Amino acid sequence: MLTWEWWGDAKAWLEPVRGLIATTILAGIGGYGLKKLKRSLPESLLKREPPSACLPAGDLAMLNRLYQGQALCSGPYFHEPVVEDLGAWELTAAEQTSADQFRLKLRQANVPNDAHAAITGSIDVEDDPVALQVRTMDYAVLKALRESRPNASWPRILSASALVIDAPEKRLILHRRSPKSATYPEHLHTIGGAYWPAMEGRDGDRGSVRNTALRETLEELNTAIAIRKETPLCLLQEVQTGFVQFVYLGCELFDSEYLKSNAEGKFTCVSFVNLADVLKGERRLVPTGEAAILMWLAMGAPGVDPDTRFSGRRPRQLFADICKERGASASQASARSD
C-alpha cells in the first residue's frame, strides 16, 4: 500500500523507476539488434519451413530441361490445391452422341464409368495453394473427347498419386500399368489415379487431392499409406496425355503383408539397391513417375533414414548422377540429329 512516508523516501521509489528506464533502453537496443541480424541472414534460415521444402531451384530447372516435351515439374507446396467446380463440361451434339455410345459399351463390358474433373484455364504453378477451375465429366465423355481430338487438345484431367516407400524393406512400391491402359500401357508409375469430383449425388473426393491419393492407394495396393504434414507435395503435368498430377513424395506403407494388385495393373517392388538401374532405363517408366522419383531423391528421399543408400549412393548423389547421364545422352542425340 502506498503511503506518504513511501513517497517521501526517495530511495524507495527511485530504484523501480531506474529499473524501468534501464529495461526499456535494453529492450529497444535488443529489438534494433534483432532487426539488423534478420537483415543479414539468408531468407532460408528465417522461414519456418519443414525439411520437405528443400528443392533447389537449379534442380527443378534441370528436371524441366530433361523432361522437356514430356513433363512439367513444379513445387513443392505447403498446401493442397483449391478446386473450384464450374459444373459439367459442355459438349457438341456429335460429342454427346459419341459419349452415349461409349457409355453403352462401358456398361456392356462391365467397366466403371467414373467421374473425372477437367481443368479449364491456365495453372499458376507459383501460387500456393494452386487455384484450379474444373469441369466435370464421366469417363465416357473423356473417351469421346480423346477420340475426336489430337493429343495436344485432350482435356487436362486432375489426378493425384503417391510415391510409396516400404522403408523397413528398403524399396519403392510402384504400379505396373495394365496392357489395356489408355495411356502408357505396361509402364511403371506412382500409385494413383483421377480425382473424383462430386457428381450424380456422390461426394467424390470432397475437394481434396490428398483423399484421391489415399483412396487410389487403397484400391491399387489393398493397404493404406501415411501422408504426413511434412510429406512433400509436387505438381507434375504430363504433356502428351493432359494428366495434371499432384504427387505426394515418400509416403510410408502401413503394412506390406496385405499388398495386392487390381485389374488396372500390378504392384512392383523396386529395391533401393537397384534403383539406379531402373532410372537408367532398365524398366519402362511413365515420364512423370520417373520425374517424381528424381524429385524425391533431389529432396534427400524424405520418409527414409538419412543414412540410407540408393545403389550405393546418397539420394542427392544418385539424382546428380542420373541427371548428368541423361544430359550427356541428350547432347549426343542432338549432335547426331544435327
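**Buried residues, pocket and backbone**

Guide: T288 counts as buried because its relative accessibility is 0%; buried means under 20% relative accessible area, exposed over 50% and partly exposed in between, with a 1.4 Å probe and protein chains only. This is a predicted model, where local features need pLDDT of at least 70, side-chain atom pairs count only at pLDDT 80 or more, and totals for chains, interfaces and linings use all residues. Residues are numbered from 1 along each chain as its sequence is written, and side-chain values use heavy atoms, with hydrogens and water left out.

Visitor: Where does T288 lie, and what is it in contact with?

Guide: T288 lies in helix α9. Helices (H or I, at least four residues) and strands (E, at least two) are DSSP runs, numbered from the N terminus. Leaving aside neighbours within four places in sequence, T288 is in contact with A71, H189, L236, Q237, E238 and Q245. Contact means heavy atoms within 4.5 Å.

Visitor: How many helices and strands in the chain?

Guide: 10 helices and 12 strands. Of the 338 residues, 40% count as buried. Among contacts with a separation of 6 or more, 71% come from residues 24 or more positions apart.

Visitor: And the cores. Which residues have the most contacts inside the largest nonpolar one?

Guide: W296 and L297, in a core of 38 residues. Helix α9 (residues 287–298) gives the largest share, 8 residues. A nonpolar core is a set of buried Ala, Val, Leu, Ile, Met, Phe, Trp, Tyr and Cys residues joined through side-chain atoms within 4.5 Å. A second, separate core has 27 residues, including Y77, V130, L221 and Y248.

Visitor: What does L297 touch?

Guide: Not counting residues up to four places away in sequence, L297 touches L275, L279, F310, P315, R316, L318 and F319.

Visitor: Switching to I165. Buried or exposed?

Guide: Buried, because its relative accessibility is 0%. I165 is in strand β5. Beyond its neighbours within four places in sequence, its contacts include W296, P302, G303 and V304.

Visitor: What about T190, where is that?

Guide: In the loop between β7 (188–189) and β8. T190 counts as buried, at 4% relative accessibility. Leaving out residues up to four places away in sequence, T190 touches S161, A162, L163, L174, H175, V247, G289 and A292.

Visitor: On to the largest pocket. What is its volume?

Guide: About 1,100 Å³. On a 1 Å grid over the protein atoms alone, a pocket is an open set of points where a 1.4 Å probe fits, with protein on both sides within 12 Å along at least five of seven lines. Grid points are joined across faces, edges and corners, and the volume is the space filled by probe spheres set on the points.

Visitor: Which residues lie nearest its centre?

Guide: Y139, R177, S181, A182 and E264, out of 35 lining residues. Lining residues have an atom within 4 Å of a point. Elements giving two or more residues include α6 (139–148), β6 (171–177) and β11 (243–253).

Visitor: Which peptide bonds are cis?

Guide: The bond from G75 to P76 is cis, with omega near 5°. P76 is in strand β1 (residues 71–77). D128 and P129 are also joined by a cis bond, with omega about 10°.

Visitor: What is phi at A301?

Guide: Near 55°, a positive value in a residue other than glycine. A301 is buried, with a relative accessible area of 1%.
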